[in-house]
Amino acid sequence: MSISGVKVSRIGYDVNTASDKQLAFSSEWPLLPIEAEGDITISPPVGGPGMVTQDIFTHNLGYEPVFYVQRTDGGNFWPGWCWINNSKLWFSGYVSTDINIKWKIFRRPLKTNYTSVNINTTDATHVIDKDYGIYISRPGKDVSSTDKRDFCIRSDVRQLMIAQSGYTTTPVSQKTVTHNLGYRPMFFLFMESDGTPGDYTMGTSASDFYVTATDTQLTWILYTPPERNYAYLIFRDTLTTNG
Amino acid sequence: MGKTSVENDKMFKVSLAGYDAQEATPEQCAVHSGFDYPKIEEHLEGYEEVTIPNTVSAGFTILKTVNHNYGYKPNVLVYIRIIDKDSALYGTDADFMMLPYFFIDPAILWYDYDITTTQLKIGLKYEDLFGGGDWTPGPGSPAGKKVGFKWQVWVND
């Protein structure tokens with residue numbers, strides 16, 4: 001733990017007793033800064049359903065960044081159909097009808113080995129708190145705005161705080177990482193292409209890929225060969241409670 | 001949309017331990033006012049265990065609905081917890097998965113969510129491509145089994 005720094009608790013928690021996951025942010029660990037974002041519609045090929053490969057965004061960060069994609073409407077979609085490398089994000093999958101996708105690229109390399117320390121793992125009691133807290137508006141936005149999207153951070157909401165991240169450099173079929181958070185944490189998993197090193201997709205939530213989370217460890221297993229490289233993020237937020 | 005960050009914004013910057021805030025890159029900051037961050041309101045995050053109905057028909061069986069009323073389609077994160085284990089259905093090691101999660105290949109049966117401008121709907125989607133009809137309780141069937149869902153509705157769209 002550093003001697004100096006900043007920590008801000010979420011509304012309703014005393015900053016002196018709030019547990020790590022009850023904070024809004026802390027200079028002890030990073031958040032996920034959004035570098036770029038957008039919505040895109042992926043249409044089937046002319047003539048009917050088929051494979052589509054389409055660029056979504058050129059980020060040119062020079063490294064493979066953390067990203068997130070979700071379907072907002074339209075046909076079936078698997079996050080494993082979106083890929084990222086050190087210059088762009090793209091779609092490659094089977095499209096039968098239009099798919100609307102929301103995407104975000106974060107200013108954080110996927111391949112980052114990082115482990116934060118636990119400072120306080122004991123939850124404080126939530127109380128009714130009328131404190132104003134800290135609001136930091138985004139560039140060009142008024143801090144008196146009532147639209148929470150106009151803010152970079154706010155102490156009355158949760159921010160996704162990164163507890164740990166890492167990556168493999170030798171392909172594996174399964175991997176266990178120790179986190180010692182004392183709860184089952186939320187996670188992101190990314191899988192490297194077996195054919196094109198440097199191309200990453202979100203760890204496919206499929207029948208041959210399983211994740212086990214405990215209070216101390218996160219384990220994932222891919223039963224279908226070949227073995228892959230992975231990158232992961234573990235957040236200071238739980239999988240089994242309201243956080 | 002596209003790039004939304006403003007790297008040279010200097011209103012508020014907190015560097016991570018070991019970095020000089022004056023010199024820190026965005027990657028070396030705990031908070032940088034030139035960036036937006038995922039934000040989640042406390043009442044739009046939760047965990048709930050549900051039992052799947054004894055009959056699962058083709059279509060979308062909604063198991064949990066969360067009202068957000070943002071008026072736009074926000075980002076969401078949804079995880080499933082497999083509580084009633086069934087090696088014929090999920091495999092022996094399935095525990096927590098991020099949605100969408102398909103567990104029969106080809107993907108005719110999967111856990112997924114739909115997002116609207118007012119609601120997050122989490123459930124089970126079934127495409128009866130092979131004429132198998134309704135799912136009923138038994139080994140290898142999701143019907144009647146218990147699962148848990150963790151969800152986060154972000155402020156961000």
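Predicted model: local features only at pLDDT ≥ 70, side-chain atom pairs only at ≥ 80, totals over all residues.
Tutor: Residues are numbered from 1 along each chain as its sequence is written, and chains are lettered from A and ligands numbered from 1 in the order in which they are written.

Student: Why is B:Tyr72 called partly exposed?

Tutor: A residue is buried if 20 or more other C-beta atoms, placed from the backbone, lie within 10 Å of its own, exposed if 12 or fewer, and partly exposed in between. B:Tyr72 has 13 other C-beta atoms within 10 Å, and therefore it is partly exposed.

Student: Where is B:Tyr72 found, and which residues does B:Tyr72 touch?

Tutor: B:Tyr72 is in the loop between strand 4 (59–67) and strand 5 of chain B. Not counting residues up to four places away in sequence, B:Tyr72 touches B:Thr117 and B:Asp157. Contact here requires that the C-beta atoms, placed from the backbone, lie within 7 Å.

Student: What makes strand 10 of chain B largely enclosed?

Tutor: Seven of the nine residues of strand 10 of chain B are buried, so this strand is largely enclosed by the rest of the structure. In chain B as a whole, 42% of the 157 residues count as buried.

Student: How many helices and strands does chain B have?

Tutor: Chain B has zero helices and ten strands. Helices (H or I, at least four residues) and strands (E, at least two) are DSSP runs, numbered from the N terminus.

Student: Why are strand 3 and strand 10 of chain B said to pair?

Tutor: Two strands pair if DSSP finds at least two bridges between them. Strand 3 and strand 10 of chain B have eight bridges, in the antiparallel sense, and so they pair. One bridge joins B:Thr51 to B:Lys146 in strand 10. Strand 5 of chain B also pairs with strand 10 in the antiparallel sense, over seven bridges, and B:Val76 has B:Val153 as its bridge partner.

Student: What pairs with strand 3 of chain B from chain A?

Tutor: Strand 12 (residues 158–159) of chain A does so, in the antiparallel sense over two bridges. The bridge partner of A:Gln159 is B:Lys39.

Student: How many residues does each chain give to the contact?

Tutor: The contact takes 55 residues from chain B and 51 residues from chain A. Strand 3 of chain B supplies the largest share of the chain B side, seven residues. By class, the side of chain B that touches chain A has 28 nonpolar, twelve polar and 15 charged residues. Here Ala, Val, Leu, Ile, Met, Phe, Trp, Tyr, Cys and Pro count as nonpolar, Asp, Glu, Lys and Arg as charged, and the others, Gly among them, as polar.

Student: How does the radius of gyration of chain B stand against that of a compact globule?

Tutor: The radius of gyration is taken over C-alpha atoms, and the globule rule is 2.2 Å times the number of residues to the power 0.38. A compact globule of 157 residues would have a value near 15 Å, but chain B has 20 Å. The C-alpha atoms of chain B fill a box of roughly 65 × 35 × 30 Å, taken along the principal axes.

Note on methods: Contact = placed C-beta atoms within 7 Å.
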